[in-house]
Amino acid sequence: MPVARMLRQVVGQMPGRPACGCWTSAPLARFLGTSPRQIPADANFYSSSFSGTDQPRVLITGGLGQLGVGLANFLRKRFGKDNVILSDIRKPPDHIFHGGPFIYSDILDYKNLREIVVNNRITWLFHYSALLSAIGEANVSLARAVNITGLHNVLDVAAEHNLRLFVPSTIGAFGPTSPRNPTPDICIQRPRTIYGVSKVHAELMGEYYHYRYGLDFRCLRYPGIISADSQPGGGTTDYAVQIFHDAVKNGKFECNLKSSTRLPMMYIDDCLRATLEVMEAPAESLSMRTYNVNAMSFTPEDLAQELLKHIPEFQITYNVDSVRQAIADSWPMNFDDSNARKDWGWKHDFDLPELVTTMLNFHGSDTRVAQAN
Ligand SMILES: NC(=O)c1ccc[n+]([C@@H]2O[C@H](COP(=O)([O-])OP(=O)(O)OC[C@H]3O[C@@H](n4cnc5c(N)ncnc54)[C@H](O)[C@@H]3O)[C@@H](O)[C@H]2O)c1
Ligand SMILES: C[C@@H](O)[C@H](N)C(=O)O
């Protein structure tokens with residue numbers, strides 16, 4: 001049968017599009033067949049759906065990385081310790097294992113993921129597993145598997161069990177042909193890293209599942225995230241975390257990006273709050289399903305100047321890593337997040353001075369700050 005005719009027949013079997021612009025999942029799932037990997041017609045029947053008055057039951061994948069433990073702590077304060085399950089393929093340190101529910105979950109194992117969702121009556125899923133930009137370039141096939149195949153598993157489980165799904169994207173989803181200063185939500189996206197390609201794929205697949213199956217997919221493009229009590233996992237913006245450790249410990253830092261490399265950045269507290277705010281936003285306030293979010297934008301030199309105000313003897317030197325530099329040179333310099341601010345009221349708390357003070361206080365350099373002031 002000619003493809004166009006077949007498509008007309010399929011579309012003809014579908015119900016009218018509801019006002020929200022979504023198609024319901026059931027007719028399509030019937031059309032797709034009955035493989036366990038496919039979304040069943042009666043997907044909602046299986047789910048313990050979140051009524052809006054109950055607390056969500058949360059699963060975080062890839063939770064032992066830079067952001068996951070902070071997210072678990074943040075969500076546990078809001079929803080209760082036992083309602084938030086952290087998962088990863090790595091062994092958790094004692095304090096994390098004893099701090100709340102932890103479970104092994106490999107996102108490449110679809111059955112394992114589905115079992116966890118069913119057995120724990122999960123209603124919200126935060127999908128944090130990924131290989132970041134620099135480490136992804138060193139392990140392209142693993143990055144492709146984790147970031148793309150893993151995402152497919154997560155999307156299918158989420159659609160099958162009617163979950164609200166958060167997938168973070170990144171400034172790395174843009175490339176050298178995107179406008180860089182500022183970078184709007186909607187513009188050309190031709191990233192040159194496997195990380196960026198996989199994140200554009202995640203944005204598009206999530207939005208497709210939303211419009212096609214009604215999946216409640218929500219996505220923020222994070223800037224480089226700066227945290228005090230967790231280590232970054234192999235990205236291009238890692239220097240902006242390491243610099244604080246080295247400044248406090250040794251009074252000096254060797255930077256692997258050029259002094260003039262401007263990138264969007266955010267303190268972790270703002271990142272976690274943005275994540276919860278977009279997850280709690282009423283669906284009708286979301287004019288899009290993927291938003292830029294931003295806080296500040298700086299170069300290594302700007303950061304060093306701010307550190308010097310607190311640690312007058314601080315020294316920065318440069319030993320440029322060509323892989324990371326090429327990645328950074330293709331990324332946004334400033335991020336336009338006006339849609340997030342307009343639609344669901346996003347507002348950051350931390351600019352560069354507050355970031356530096358907070359990070360130094362955390363690393364125990366209060367004495368030096370006091371002396372410098
Ligand atoms: N940290 C940032 O600056 C930043 C910025 C933009 C977007 N993001 C996104 O936020 C998310 C979390 O970032 P992060 O910095 O915590 O990453 P990270 O690299 O620190 O942690 C990723 C985690 O994924 C886990 N993982 C790897 N393979 C897995 C598998 N097969 N199954 C389950 N888990 C697996 C790893 O063990 C690791 O703990 C990622 O999706 C990342 O792309 C982070
Ligand atoms: C920006 C972000 O996605 C990550 N920190 C990286 O540099 O790869």
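Guide: Start with Tyr 195: one of its polar side-chain atoms lies 2.7 Å from an oxygen atom of ligand 2. Keep in mind that this is a predicted model.

Visitor: What makes the approach of Tyr 195 to the oxygen atom of ligand 2 a polar contact?

Guide: The cut-off for a pair of N or O atoms is within 3.5 Å. Tyr 195 and the ligand 2 oxygen are 2.7 Å apart, so the pair qualifies. Thr 236 brings a polar backbone atom 2.7 Å from an oxygen atom of ligand 2. Thr 237 uses a polar side-chain atom, 2.8 Å from a nitrogen atom of ligand 2. The protein buries 94% of the 250 Å² that ligand 2 exposes when taken alone.

Visitor: Which residues are around ligand 2?

Guide: Among them are Leu 132, Ser 133, Thr 170, Ile 171, Gly 235 and Trp 331. By class, the shell has four nonpolar, five polar and no charged residues.

Visitor: Why is the pair of Tyr 128 and Tyr 222 called edge-to-face?

Guide: Two values decide. A pair of aromatic rings is described by the distance of the centres and the angle of the planes. The centres must lie within 6.5 Å, and the planes must be over 60 degrees apart.

Visitor: What makes the pair of Tyr 128 and Tyr 222 a tie between parts of the chain?

Guide: Tyr 128 lies in the loop between strand 4 (124–127) and helix 7 (133–138), and Tyr 222 in strand 7 (residues 216–222), so parts 94 residues apart in sequence are tied together. Both tyrosines are buried. They also belong to one aromatic cluster with Phe 79, Trp 124, Phe 126 and Phe 166.

Visitor: What are the values for the pair of Phe 174 and Phe 335?

Guide: Phe 174 and Phe 335 are 5.9 Å apart centre to centre, with 85 degrees between the planes. This pair is edge-to-face. Phe 174 is in the loop between strand 6 (169–170) and helix 9 (194–213). Phe 335 is in the loop between helix 13 (322–329) and helix 14 (338–344), 161 residues apart from Phe 174.

Visitor: How do you know whether Phe 174 and Phe 335 are buried or exposed?

Guide: Buried means under 20% relative accessible area. Phe 174 has 1%, so it is buried. Phe 335 has 5%, so it is buried.

Key: Residues numbered from 1 in each chain as written. Chains lettered and ligands numbered in written order. Predicted model: local features only at pLDDT ≥ 70, side-chain atom pairs only at ≥ 80, totals over all residues. Heavy atoms only, no water. Near = heavy atom within 4 Å. Polar contact = N/O pair within 3.5 Å; in protein donor to acceptor, adjacent residues only side chain to side chain. Areas by Shrake-Rupley, 256 points an atom, 1.4 Å probe, with all protein chains shown as cover. Nonpolar A, V, L, I, M, F, W, Y, C, P; charged D, E, K, R; others polar. Helix = DSSP H or I, 4+ residues; strand = E, 2+ residues; numbered from the N terminus. Buried < 20%, exposed > 50% of the residue type's maximum accessible area, 1.4 Å probe, protein only. Phe/Tyr/Trp six-rings, centres within 6.5 Å; stacked < 30°, edge-to-face > 60°.
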